[in-house]
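Student: I'd like to go through a fold with you and learn how to read its features. Can we take it step by step?

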Amino acid sequence: MDALRTLLFRIVFYGVSLLLVLCVPIAALFGSRFLRAYSNFWAWLLQGMVRTIVGARVRIEGQVPEGQLLFAGKHESYFEALELTRMLGSPATVMKRELARIPLWGWAAQRYGTIVVDREANATALRAMMRAAQAARATGRSVLIFPEGTRVPPGEAPPLRSGFAGLYRALDLPVVPVAVRSGNVWPRKGLMRRGEIVFRFGEPIPPGLPRREIEARVHAAINALNAG
């Protein structure tokens with residue numbers, strides 16, 4: 001059954017996603033606000049597909065906060081990459097440059113207002129990321145980053161990438177850590193399975209803390225579901 005669910009989900013999700021991406025240039029003509037609503041519609045469709053085709057449930061623990069914030073999320077699957085943008089009111093999301101190079105999709109993502117960063121995270125790339133993040137902050141948007149840098153299997157907790165601390169310092173915003181358990185349903189490799197996807201929102205952490213302290217607190221909070 002898992003193989004059948006996975007095959008059906010991939011056919012429907014990637015087919016619908018391809019159509020939506022091809023229509024992005026039309027959506028972009030209506031401005032960035034419409035494009036963000038368009039993205040949220042995509043995320044809503046994804047949630048429906050995961051629920052009805054895969055048989056997964058979504059549970060939210062803690063309070064989804066309001067206001068301008070820096071969100072730091074765990075990243076185990078593609079699900080939270082879309083769902084968190086919908087759930088958090090279209091924040092500016094930090095995205096690796098490899099994704100920005102995908103034809104049409106990369107252009108659309110940058111029109112949406114993503115913050116592009118090079119995986120190597122050299123000084124020039126980090127300064128560019130800070131400028132883009134500060135520009136997003138000036139417009140009143142929150143910022144979302146997956147500080148471990150990429151999708152990881154359930155239970156793994158790699159160290160935070162160096163760009164997170166610089167972003168925290170540059171934005172001077174409270175950080176809300178978001179623990180996510182989604183890889184049990186949608187693993188990076190292998191078949192999708194029925195189960196429960198969990199988002200756990202931690203308490204906001206104030207700005208201005210030393211690097212070691214903020215990194216330790218965020219790392220612990222976003223990995224809080226590892227033992228669950």
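Student: In which hand does H1 pass H3, left-handed or right-handed?

Tutor: Some ground rules to begin with. This is a predicted model, where local features need pLDDT of at least 70, side-chain atom pairs count only at pLDDT 80 or more, and totals for chains, interfaces and linings use all residues. Residues are numbered from 1 along each chain as its sequence is written, and side-chain values use heavy atoms, with hydrogens and water left out. Helices (H or I, at least four residues) and strands (E, at least two) are DSSP runs, numbered from the N terminus. A crossing is left-handed if the near helix is turned anticlockwise from the far one by less than a right angle, and right-handed if clockwise. Here, H1 passes H3 in a right-handed crossing.

Student: At what angle do the axes of H1 and H3 cross?

Tutor: Axes are lines fitted to C-alpha atoms, for helices over the stretch in contact, and angles run from 0 to 180 degrees between N-to-C directions. For H1 (residues 2–22) and H3 (residues 32–54), the axes come within 10 Å and cross at roughly 165°. Angles over 145 degrees count as roughly antiparallel, so that is how H1 and H3 run relative to each other.

Student: Which residues meet there?

Tutor: Contact means heavy atoms within 4.5 Å. From H1, the residues include Phe9, Val12, Phe13 and Val16, and from H3 they include Phe41, Trp42, Leu45 and Met49.

Student: Which strands does H8 lie across, and how many of its residues are buried?

Tutor: Buried means under 20% relative accessible area, with a 1.4 Å probe and protein chains only. Seven of the nine residues of H8 are buried, so this helix is largely enclosed by the rest of the structure. Among the elements covering those buried residues are H7 (123–138) and H9 (211–222). Just after H8, Asp172 takes a positive phi of about 55°.

Technical notes. Angles under 35 degrees count as roughly parallel, over 145 as roughly antiparallel, 65 to 115 as roughly perpendicular and the rest as oblique. Buried means under 20% relative accessible area, exposed over 50%, partly exposed in between (1.4 Å probe, protein chains only).
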